[in-house]
Amino acid sequence: MAIAQKWLASRYNRPGFAIFDYNTYAVCGDGCMMEGVASEAASLAGHLGLDNLCWIYDNNHITIEGSTSIAFTEDIAARFLGYGWNVLRVGDANDIDLIEHALGVFHKTKGRPTFIILDSHIGYGSPHKQDTAAAHGEPLGEEEVRLTKRAYGWPEDAKFLVPDGVREHFTAGIGARGAEARRQWTDLFYTYRTKHSNLATEIDQMQRRELPAEWDRNFPVFLADPKGVAGRDASSEVLNVIAQNVPWFLGGSADLAPSNKTTLKFDGAGDFQADSPGGKNLHFGIREHAMAATVNGLVLSKIRAFGATFFIFSDYARPAIRLAALMELPAIFIFTHDAMGDGEDGPTHQPVEQLISLRAIPGLITLRPGDANEVVEAYRYVMQLRHQPTVLALSRQPLPTLDRGKYAAASGVARGAYVLADAPGGKPEVILIASGSEVCLVVQAHEKLIAEGIRSRVVSMPSWDIFEHQTREYQDSVLPPDVKVRVAVEQASTLGWERYVGREGRVIGMHTFGASAPLKELQKKFGFEPDRVVAVAKELLGKH
Ligand SMILES: Cc1ncc(C[n+]2csc(CCOP(=O)(O)OP(=O)(O)O)c2C)c(N)n1
Ligand SMILES: [Mg+2]
């Protein structure tokens, strides 16, 4: 959110119009300081010199298992100084003057974020539980509550007491200040609208998560080509078009932009750095978790943002992807090298269980397009989402671009699955289902089956999630319930495919972590070849 403020200020603020001038505060506990994502985020924030960011660390030395001395004894001030933060210490969390002073220093500090270590006591005032882990997770208990109220000088028997004058105090303080700040900002924006109406319109659209007119102008169309285009290359073309049509669309990669092909290359795209906050290319460094969390923060701030890495490393970003779904944020996660196409990198780099595990996240759209035009349609779909995050799983290697004159239009992507090629008269006896790089494979198998007089249908299924949200009628039109001979092909864990192939169908997928070899060898070893699909189909039909 602090990065968002820098970018928004750079694009929209004008002399006399500080439309975006907010600061971002985070209140953190010992647990937050221990988690890896905090280190990633703090390191990035330090690098970017985010002086609009203030973390207040509730340094109470207690977590669930007891004192932090059992597991957390580092010099945290030195750590944050090392990240390039301004580090302040408030020795008593109850000293309001000191806190105010520290916040004042934060406001004056330029060029680096501020970290305030606030020494505090968990369960403050509780005579038997203060400074103990019991104060973290258990209720104090009736007697201890009474004693704590006594320590505060509070009426001991009163419950949910709001003394007279408290409401008035808030109304006259925070309430009045907040109302005045809001009025001033609204007035400022009113004038801004008259002087910078185009920018004001952009802000309106962005705030409502609308897209500007002609946001998909110049989307590429890929012509049939047996050599084809890699998913990542098609994605690169679309990203560069979207980022020019939608001013508030930006993103970056976790040090893999040259491989993910996510660099925005047009004139003026620029890099986001401390001294160039208007840049659209973010460099997250090798910090996948913080990258995904940052993308969420940008999207929370209404920027349309993407983050990218190899599909295998989606595991590092997973907690933030899950939060994007939980928070209903239209964040975009671009993962290339989506299967064994990375060949020689071998099992450490070949995703197997990632697809099904992401499909299992409620509210997350997982899309694995089958050719360049499906990539285009995937982006067209994704850009129109307002409340759902997306994962795009894209190929590293070229995939043949299907002849859309011969086969169905790629716009079927918007329905999650669609009939790409059909049996004569639309009456199939076998259905071949695939996603991503396996789509062209089953198309080849389909052609062979048709040549042998076997009535086969191909269903391209880039997204289970989208397909599950179609009407039953549509689903049944794609996968007619009476056609029970079905083969699904996907270079990933077979888990879950029985949902679509049923008990009588077969799944050609992965049961190991892969192997290190050129792609062709791997395809042969693991059975991702048209002849194998044909053989399985015939076996199921009893025609072998
Ligand atoms: C990622 C994660 N791991 C573990 C937990 C379980 N958990 C909840 S609170 C807590 C202790 C947090 O301690 P601290 O941040 O110091 O909070 P305090 O008890 O001081 O309020 C833990 C381990 C969690 N909520 N999230
Ligand atoms: Mg604590």
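Strand S16 (residues 430-434) and S17 pair in the parallel sense over 5 bridges, where two strands count as paired if DSSP finds at least two bridges between them. Between these two strands the chain passes through helix H16 (residues 438-451), and this β-α-β crossover from S16 to S17 is right-handed, a term that applies if, with the strands pointing away from the viewer, the path from the first strand over the helix to the second runs clockwise. The names themselves follow DSSP runs, numbered from the N terminus: helices are runs of H or I with at least four residues, and strands are runs of E with at least two.

Ser 460 in S17 is also the bridge partner of Tyr 418, and strand S15 (residues 418-421), joined to S17 by 3 bridges, runs antiparallel to S17. Strands of a sheet pair through backbone hydrogen bonds, either parallel or antiparallel. Because 5 of the 5 residues of strand S17 (residues 456-460) are buried, this strand is largely enclosed by the rest of the structure. A residue is called buried if 20 or more other C-beta atoms lie within 10 Å of its own, exposed if 12 or fewer do, and partly exposed in between, with the C-beta atoms placed from the backbone. On one side of S17 the buried residues are Ser 456, Val 458 and Ser 460, and on the other they are Arg 457 and Val 459.

Arg 486 belongs to strand S18 (residues 486-493), and it counts as buried because it has 23 C-beta neighbours inside 10 Å. Although Arg 486 and Ile 433 are 53 residues apart in sequence, their C-alpha atoms are 7.4 Å apart in space. Leaving aside residues up to four places away in sequence, Arg 486 touches Ile 431, Ile 433, Tyr 500, Val 501, Gly 502 and Gly 505, a contact being two C-beta atoms, placed from the backbone, that lie within 7 Å.

Elsewhere, 6 strands form an open sheet with parallel pairing, in the order S9-S8-S10-S11-S13-S12. Its edge strands are S9 (281-283) and S12, each of which pairs on one side only. Within this sheet S11 and S13 pair in the parallel sense over 4 bridges, and Ile 332 stands opposite Thr 390 in S13.

Helix H15 (residues 372-383) has 12 residues, which at 1.5 Å a residue should span 16 Å, and its end C-alpha atoms are 17 Å apart, which agrees; the expected span is 1.5 Å times one less than the number of residues. H15 is mostly covered, since 11 of its 12 residues are buried. Its buried residues pack against several elements, including strand S11 (332-336), strand S12 (365-367) and strand S13 (390-393).

Another open sheet, of 4 strands with parallel pairing, has the order S1-S2-S6-S5. Here strand S2 (residues 53-59) is joined to strand S6 (residues 114-119) by 6 bridges, and Trp 55 has Phe 115 in S6 as its bridge partner.

Finally, the residues around ligand 1 include Gly 29, Asp 30, Asn 60 and His 136, counted if the C-beta atom, placed from the backbone, lies within 6 Å of the ligand. Helix H2 gives the most to this shell, with 3 residues.

Residues are numbered from 1 along each chain as its sequence is written, while chains are lettered from A and ligands numbered from 1 in the order in which they are written. In this predicted model, local features need pLDDT of at least 70 and side-chain atom pairs count only at pLDDT 80 or more, whereas totals for chains, interfaces and linings use all residues.
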